[in-house]
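Let's take a walk through this structure, one piece at a time. Keep the 3D view open as you read.

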Amino acid sequence: MEVKNEKSVRFSSTGKRKLAPTALNSNTKCKIINSLKFDDRKPWRKHILDPGSEIVLNWNRVFIVTCLMALFIDPLYFYLPSIGRKDGSWCSKTDLNLRIVVTFFRTIADIFYLLHVFVKFRTAYVAPSSRVFGRGELVMDPDKISRRYIRSDFFIDLVATLPLPQIVIWFIIPELRNHRTNQNNNALALIVLFQYIPRLYLIFPLSSQIIKATGVVTKTAWAGAAYNLVLYMLASHVLGAAWYVLSIDRYLSCLKSACKKEEIPTKCLHEYLNCGFSGTGQYSNWINTTNVFKSCDPNEDNTFQFGIFGNAVAKQVVSASFVRKYFYCLWWGLQNLSSYGQNLSTSTFIEETSFAILIAILGLVLFAHLIGNMQTYLQSLTMRLEEWRLKRRDTEEWMRHRQLPEDLRTRVRRFVQYKWLATRGVNEEAILNGLPADLSRDIQRHLCLDLVRRVPFFSQMDDQLLDAICERLVSTLSTEGTYIVREGDPITEMLFVIRGRLESSTTNGGRTGFFNSITLRPGDFCGEELLAWALLPKSALNFPSSTRTVVALGEVEAFALRAEDLKFVANQFRRLHSKKLQHTFRFYSHHWRTWAACFVQAAWRRYKRRKMARDLARIESYAEEGTAIAPSTVKADLGVAILASRFATNTRRGIQKIKDVGLPKLPKPEEPDFSVEPDD
């Protein structure tokens with residue numbers, strides 16, 4: 001790592017600045033920066049946050065979930081008004097229990113919105129003038145951050161934070177008169193919708209910030225599909241709640257219209273339609289004689305047109321319990337949003353017709369958005385599989401067009417299938433090449449180091465050399481019957497077996513009657529001739545020829561070290577473990593093992609020939625001495641001696657012929673130069 005001389009400012013006891021040159025590397029700089037941050041000891045409320053930091057990213061994720069919960073809570077205010085029974089008649093009321101629960105959760109959501117405003121006041125931003133290159137320069141000045149935020153998004157965040165619905169339902173509506181119930185419902189709906197729009201708007205910049213920081217809103221495709229489905233269900237929830245409150249308003253309008261027309265036998269007052277009204281004698285008479293409720297029954301013949309709100313009154317949704325009416329309204333919103341409102345039968349009431357038009361437009365837009373995003377996310381799950389299927393189909397068409405024989409087609413299909421099972425269509429080399437060198441090196445070390453150490457030849461090396469080798473290893477896949485290298489072909493890479501078995505055989509250059517075969521298992525390697533070539537001080541441009549034929553006996557996974565990479569490693573690290581590597585290389589090299597076995601065999605055969613020659617010479621000399629013994633014994637020994645003499649003579653002639661011919665010997669492998677040489 002390059003060390004740069006930089007100037008640091010030191011303060012003496014007198015307060016004067018002193019400049020001192022220091023040599024700082026990146027690690028030292030990071031430590032100094034961290035120490036400076038620690039020494040500031042600023043209060044937590046005065047810290048400026050980096051918009052790309054993990055804290056801001058996690059907060060944005062938490063806040064977007066809070067926004068979704070707030071968007072779900074706000075429409076629940078529409079379920080507060082309902083129709084109840086009092087003294088055998090129908091009247092309007094407000095659900096007190098639901099009002100308390102909704103207010104509690106809405107207040108918690110408002111606290112999160114308030115915290116979000118505080119976070120944005122303390123979050124730095126990138127100066128627009130510094131975006132010429134790279135990420136840009138962060139503006140950390142609190143005053144500049146505050147002025148920029150107030151000029152941009154502060155008003156929208158403030159409107160979304162104000163507790164307007166709580167104020168309306170707990171303070172304003174109770175102060176209004178009871179006969180203005182429908183106006184109260186309309187005011188509540190307008191207040192909720194007034195805040196709902198900015199709260200819905202906040203989701204989009206939040207999603208954009210998360211996408212800028214991480215690339216996606218959700219980490220998995222299934223989560224992305226669920227996120228879009230939740231947004232669609234949220235729209236159905238809002239639509240169902242709006243339909244419910246409009247149904248309440250429509251039914252109360254019918255009751256008030258009928259009440260206004262009823263004069264005899266007892267005049268109807270609007271106060272009678274409120275469940276909070278205290279009954280009087282006149283009220284009791286009106287209850288017994290009124291026809292207001294019968295004239296507003298959709299199942300009866302009446303002149304009032306309920307339109308799309310008729311089901312809510314006819315099926316008593318307006319008077320049902322909260323759970324029952326909520327699920328029915330959610331189903332109604334989901335059904336009409338998915339069908340674009342085609343099943344709606346509207347009246348000539350303008351507000352009702354406008355609501356139906358809004359349903360049709362929203363249904364078309366949101367359903368198209370849902371289907372498009374769901375298709376995108378779900379296709380991303382099978383994108384690699386579809387690419388592999390297309391590639392396999394193209395391969396089949398190409399083999400059919402070129403009229404390849406069936407055995408070659410089978411081998412191609414087997415390799416494509418095995419590669420898919422091993423990599424799932426991911427180009428690992430392209431991914432590593434796109435990463436920084438340091439990160440790519442660490443990943444290669446994590447993936448390869450344990451596997452490389454399983455190779456005995458590599459287990460004797462230190463971490464520095466192993467790091468250099470791991471950085472340049474390339475994974476290879478081979479199927480059954482694949483020839484890795486043939487005898488006599490140039491070697492372009494060393495192969496280190498990780499999984500599977502290989503057969504390595506040699507005929508010693510086509511020598512008649514010579515054949516040697518071994519099995520390479522995990523931990524073995526082949527192509528060791530390339531190491532001798534790489535360790536030569538001035539190696540030729542031509543690659544060495546292979547002395548063995550290597551073929552896969554099954555599916556094989558291995559690491560390959562290419563010739564140029566091996567040459568680089570050899571030139572950089574020739575001084576490391578010279579003697580130990582020499583002995584390890586000889587011991588585990590199958591080329592050297594074959595040569596050693598042939599060398600031992602040749603030595604044993606020479607020893608046997610010399611021993612036989614000595615024995616025959618001794619027998620021949622014994623026959624020529626002619627010792628005196630009995631006639632019968634002499635006759636028998638004389639025949640044996642003559643035969644032994646002839647055999648010895650013929651044997652010496654054969655040995656002499658063999659020496660004259662000169663049988664070819666297995667050449668000694670070229671040994672890598674592990675010696676330590678001085679620098680040129």
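Start with Ser339, which counts as buried because its relative accessibility is 17%, and the cut-off for buried is under 20%. You'll find Ser339 in the loop between helix H12 (322–338) and helix H13 (350–381). A polar atom of the Ser339 side chain lies 2.8 Å from the backbone oxygen of Gln335. Bear in mind that what you're looking at is a predicted model.

**Helix H12 and its end**

Now step back into H12 itself. This helix has 17 residues and reaches 24 Å from its first C-alpha to its last, close to the 24 Å expected at 1.5 Å a residue. Quite a list of its residues is buried, including Lys325, Tyr326, Tyr328, Leu330, Trp332 and Gly333. Asn336 and Leu337 are on that buried list too. Cys329 also counts as buried, because its relative accessible area is 0%. As background, an α-helix has 3.6 residues a turn, so residues three or four places apart point the same way. H12 is followed by Tyr340, and the phi of Tyr340 is positive, near 60°.

**Two disulfides**

How many disulfides does the count come to? The count comes to two. In general terms, a disulfide is a covalent bond between the sulfur atoms of two cysteines. Here they are side by side:

| Disulfide | S to S | Torsion about the S-S bond |
|---|---|---|
| Cys254 to Cys296 | 2.2 Å | about -105° |
| Cys259 to Cys268 | 1.8 Å | -105° |

The torsion of about -105° for Cys254 and Cys296 is why that disulfide is left-handed. That pair links distant parts of the chain: Cys254 belongs to helix H8 (residues 221–261), Cys296 belongs to the loop between helix H10 (292–295) and helix H11 (310–314), and the two are 42 residues apart. The link of Cys259 and Cys268 is left-handed as well.

Are these cysteines buried or exposed? Cys254 and Cys296 are both buried, and Cys259 and Cys268 are buried too.

On to the strands. Strands of a sheet pair through backbone hydrogen bonds, either parallel or antiparallel.

Zoom in on S13 and you can follow its pairings. Strand S10 (residues 502–506) pairs with strand S13 (residues 549–552) in the antiparallel sense, over four bridges. Across that pairing, Leu502 stands opposite Ala552, and Ser504 stands opposite Val550. S8 also runs antiparallel to S13, and two bridges join them. There, Val485 has Val550 as its bridge partner in S13.

Strand S9 (residues 493–499) and strand S14 (residues 556–562) pair in the antiparallel sense over six bridges. Val497, for example, stands opposite Ala558 in S14.

Cys526 counts as buried because its relative accessibility is 7%.

**A last stop at Asp110**

Finally, look for Asp110, found in helix H3 (residues 96–121). Asp110 counts as buried because its relative accessibility is 8%. What does Asp110 touch, not counting residues up to four places away in sequence? It touches Thr161, Pro163, Gln166 and Arg199. The C-alpha atoms of Asp110 and Ala160 are separated by 8.2 Å, with the two residues 50 apart along the chain.

Methods
Residues numbered from 1 in each chain as written. Predicted model: local features only at pLDDT ≥ 70, side-chain atom pairs only at ≥ 80, totals over all residues. Heavy atoms only, no water. Pairing = 2+ DSSP bridges. Buried < 20%, exposed > 50% of the residue type's maximum accessible area, 1.4 Å probe, protein only. Polar contact = N/O pair within 3.5 Å; in protein donor to acceptor, adjacent residues only side chain to side chain. Disulfide = S-S within 2.5 Å. Expected span 1.5 Å × (residues − 1). Contact = heavy atoms within 4.5 Å.
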